[in-house]
Amino acid sequence: MEGRLQTIEKRKAKWGYLFILPNLLGILIFTAGPVIFSLIISFTDWNLMRGFNFIGLENYFNLFEDEVFIKSLINTFYFALLTVPAGIILSLLFAALLNRKMKGIGIYRTVMFIPVVTSMVSVSLVWSMLYDTDFGLINSILNKIGLQSVGWLTNTKISMLSVAIMCIWKGLGYNMTIYLAGLQGIPNQLYEAASIDGATPFKKFMNITLPLLRPTTYFVLIMSTIGALQAFDQIYIMTGGGPADSTNTIVMYLYNNAFRYLKMGYASAMAYILFIIIFFLSAIQYKYSKTWSEE
Amino acid sequence: MLELRNKPVVEQKKSFDYRKKIDFKKIFFHIFLFIICTFMIVPFLWMLSSSLKSQFDIAKMPPVWIPKPPQWSNYIELFKGQPMLKFILNSIKITVSVVIGQLFFSSLAGYAFARIKFKGRNVLFFIYIGTLMIPAQITLIPMYILISRIGLLDTHFPLIVPGFFYAFGVFLMRQFYLSLPVELEEAAEIDGCNPFQTYWRIMMPQVKPALATLGVFTFMNTWNDLIGALIYLTSVEKFTMTLGLALFRGVYSTKWNYVMAGSVISIIPILTVYFVGQKYFEEGITLSGLKG
């Protein structure tokens with residue numbers, strides 16, 4: 001009897017491998033393999049036109065002497081700094097406002113989410129129009145109230161801020177939905193007990209909501225930072241990295257190096273630096289989410 | 001006890017100053033949210049409005065909101081001047097293929113990870129989780145070299161087939177299969193089903209909501225993808241909708257009305273999917289927030 005059960009289990013295990021095999025092959029060929037291949041390419045001067053030689057760590061050394069790369073790196077972190085904290089605060093605020101049962105509340109949630117589902121390309125296009133220095137809607141409003149036109153995407157000092165504002169607008173609904181799920185996990189009794197003790201809504205928010213949402217906030221913080229470090233579509237459409245590299249990001253510069261200048265080795269080294277940063281952030285996220293679920 | 005005694009008091013208090021206080025609060029609340037929602041929606045209204053403007057109205061200051069008369073011909077011009085229909089069909093073909101492939105392969109692997117015991121299962125699953133930390137950009141260059149070596153540049157292959165395999169899909173499906181009762185499988189096995197039949201006939205139909213969630217997300221990501229199409233495609237007639245839009249930006253650099261008309265067309269399908277499957281979008285985001 002026991003022997004028969006074992007063969008059944010063994011036969012079942014074979015099916016298990018079979019079910020996973022196609023997916024595993026796909027992941028190996030299209031994700032895991034390329035990650036290793038990418039590391040190898042980053043040690044070469046691979047140029048699509050010429051072939052390649054191994055040059056060791058030269059690409060990495062060159063990167064840190066490349067002013068444009070350093071600028072892109074700084075810009076990327078600046079972009080994350082502009083979008084992430086503001087995005088978190090606003091999405092938490094709206095989630096707290098929308099976390100109630102009331103007529104018509106669903107409509108607000110629906111509307112907030114529309115920018116999330118539409119492509120970065122189409123919203124970048126319309127925002128380029130809104131930001132236009134000469135006929136843009138935003139400048140026309142400024143002019144109406146007696147202010148001067150601003151070169152939203154043409155002034156090197158504010159071009160990144162302009163892109164960031166659009167990205168905050170686009171991502172609000174996403175983070176708000178995560179926060180709404182977090183808020184629904186807070187037991188109502190806590191608020192009732194606090195009401196009995198005479199706590200004001202502000203105090204309740206500071207002493208109950210915020211601390212209990214800490215895991216959600218960590219999650220949103222790390223995921224939004226990872227997203228911000230990968231910014232490409234909006235830059236490609238709105239500014240192309242300009243003016244004067246003021247909006248050049250790591251991925252934009254990587255794209256230009258790989259697919260415009262065909263410097264595959266150099267671009268791969270860039271990709272690896274980005275990979276290490278993101279992997280590090282993900283690992284923190286993974287570690288924390290484990291301790292949270294154990295709590 | 002405490003709760004019983006206190007509850008009526010709280011309710012009384014509410015109904016007591018209901019007219020004076022709560023109504024005012026409610027109105028303020030709605031006005032505030034209305035303003036916020038206006039901010040969220042204005043760019044889209046502007047997109048629609050601009051798409052119906054003449055070349056002259058586009059540059060008009062102060063701007064016009066309702067063009068007179070609306071230039072519906074912009075949309076027709078777009079279809080005449082560019083292979084617009086091709087772009088739409090290409091995007092539909094790629095997106096639908098990726099969604100079907102992704103659902104099939106993820107659900108199959110997710111089921112095995114959740115319900116079938118085999119050696120090395122946990123190690124493999126750990127590796128899967130690990131691949132979630134890999135940013136897509138790192139695979140761009142090696143993938144481009146691979147695709148060019150096998151002679152499939154400028155085809156839809158690199159936009160479709162790699163899209164079938166995504167660790168997050170496997171992860172999501174596994175979570176759903178884990179929540180199903182064991183009795184279902186046992187009954188199927190007693191009836192003589194092999195594991196594939198058990199999966200296909202009994203288990204997969206149980207996780208339809210999960211398939212819908214993964215489906216709408218895959219649809220959104222694939223429909224909105226730019227960089228894949230940008231690096232692999234060179235012939236205009238093979239372009240996707242998003243790449244077509246980026247192209248319009250260059251071709252019609254001064255004709256914003258056409259670019260906006262293209263944008264409006266490109267967001268109709270994804271908005272339709274969103275309005276139909278809103279529940280699944282929200283569920284998917286909630287689940288991704290709880291992963292790990």
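A residue is called buried when its relative accessible area is under 20%. By that rule A:Thr247, with a relative accessible area of 0%, is buried. The structure in which this residue sits is a predicted model, and the paragraphs below lead from this residue to its surroundings, then to the other chain and the surface.

A:Thr247 lies in the loop between H11 and H12 of chain A. Leaving aside neighbours within four places in sequence, A:Thr247 is in contact with A:Asn75, A:Ser159, A:Met160, A:Val163, A:Ile235, A:Thr239, A:Gly241 and A:Gly242. A:Met112, by contrast, is 135 residues away along the chain, and the C-alpha atoms of A:Thr247 and A:Met112 are separated by 27 Å.

A:Gly242, one of the contacts of A:Thr247, is joined to A:Pro243 by a cis peptide bond with omega of about -10°. A:Pro243 belongs to the loop between helix H11 (233-238) and helix H12 (250-260) of chain A. A:Asp245 is found in the loop between H11 and H12 as well. Although A:Asp245 is not a glycine, its phi is positive, at about 60°. With 28% relative accessibility, A:Asp245 counts as partly exposed.

Helix H11 of chain A contains A:Gln234. A relative accessible area of 6% makes A:Gln234 buried. Not counting residues up to four places away in sequence, A:Gln234 touches A:Phe79, A:Met120, A:Ser124, A:Val163, A:Met166, A:Cys167 and A:Thr239. Among these, A:Val163 and A:Thr239 are also in contact with A:Thr247.

The peptide bond from B:Lys68 to B:Pro69 is cis, with omega near -10°. B:Pro69 is placed in the loop between helix H3 (55-58) and H4 of chain B. A positive phi, near 60°, is found at B:Asp154, a residue other than glycine. B:Asp154 is in the loop between helix H7 (137-149) and helix H8 (157-160) of chain B, and at 14% relative accessibility B:Asp154 counts as buried.

How do the two chains meet? The size of an interface is often given as the accessible area lost when the parts come together. Chain A and chain B bury about 8,600 Å² between them, and 80% of this area is on carbon and sulfur atoms. The contact takes 89 residues from chain A and 96 residues from chain B. Between chain A and chain B the count is one salt bridge.

Side chains of opposite charge can pair when their charged atoms come close. Over all chains the count comes to four salt bridges. In one of them, B:Glu189 lies in helix H10 (residues 183-190) of chain B and A:Lys12 in helix H1 (residues 2-42) of chain A, so this pair joins two chains. The closest N and O atoms of B:Glu189 and A:Lys12 are 3.3 Å apart. B:Glu189 counts as partly exposed, at 38% relative accessibility.

Other salt bridges lie within chain B. The side chains of B:Lys80 and B:Glu77 meet at 4.0 Å, N to O. These two residues are three residues apart in helix H4 of chain B and are therefore separated by about one helical turn. B:Lys80 is exposed, with a relative accessible area of 63%, whereas B:Glu77 is partly exposed, at 33%. A further salt bridge, at 2.9 Å from N to O, is made by the side chains of B:Arg115 and B:Glu185. B:Arg115 lies in helix H5 of chain B and B:Glu185 in helix H10, so the pair ties together parts that are 70 residues apart in sequence. Both B:Arg115 and B:Glu185 are buried.

B:Tyr177 touches residues including B:Ser107, B:Tyr111, B:Ala114, B:Arg115, B:Tyr199 and B:Met203.

B:Phe79, B:Leu85, B:Leu89, B:Ile92, B:Val96 and B:Ile100 make a nonpolar surface patch of about 550 Å². Five residues of the patch, its largest share, come from helix H5 (residues 84-115) of chain B. B:Phe79 lies in helix H4 (residues 73-81) of chain B, and with a relative accessible area of 37% B:Phe79 is partly exposed.

Methods:
Residues are numbered from 1 along each chain as its sequence is written. Chains are lettered from A and ligands numbered from 1 in the order in which they are written. Side-chain values use heavy atoms; hydrogens and water are left out. Patches are made of residues with over 30% relative accessible area and no salt bridge: like charges are joined within 9 Å, nonpolar side chains (Val, Leu, Ile, Met, Phe, Trp, Tyr) within 5 Å. Accessible areas come from the Shrake-Rupley method with a 1.4 Å probe; for residues, only the protein chains shown count as cover. Helices (H or I, at least four residues) and strands (E, at least two) are DSSP runs, numbered from the N terminus. Buried means under 20% relative accessible area, exposed over 50%, partly exposed in between (1.4 Å probe, protein chains only). Contact means heavy atoms within 4.5 Å. Buried area is the accessible area (1.4 Å probe) that two parts lose on being put together, summed over both.
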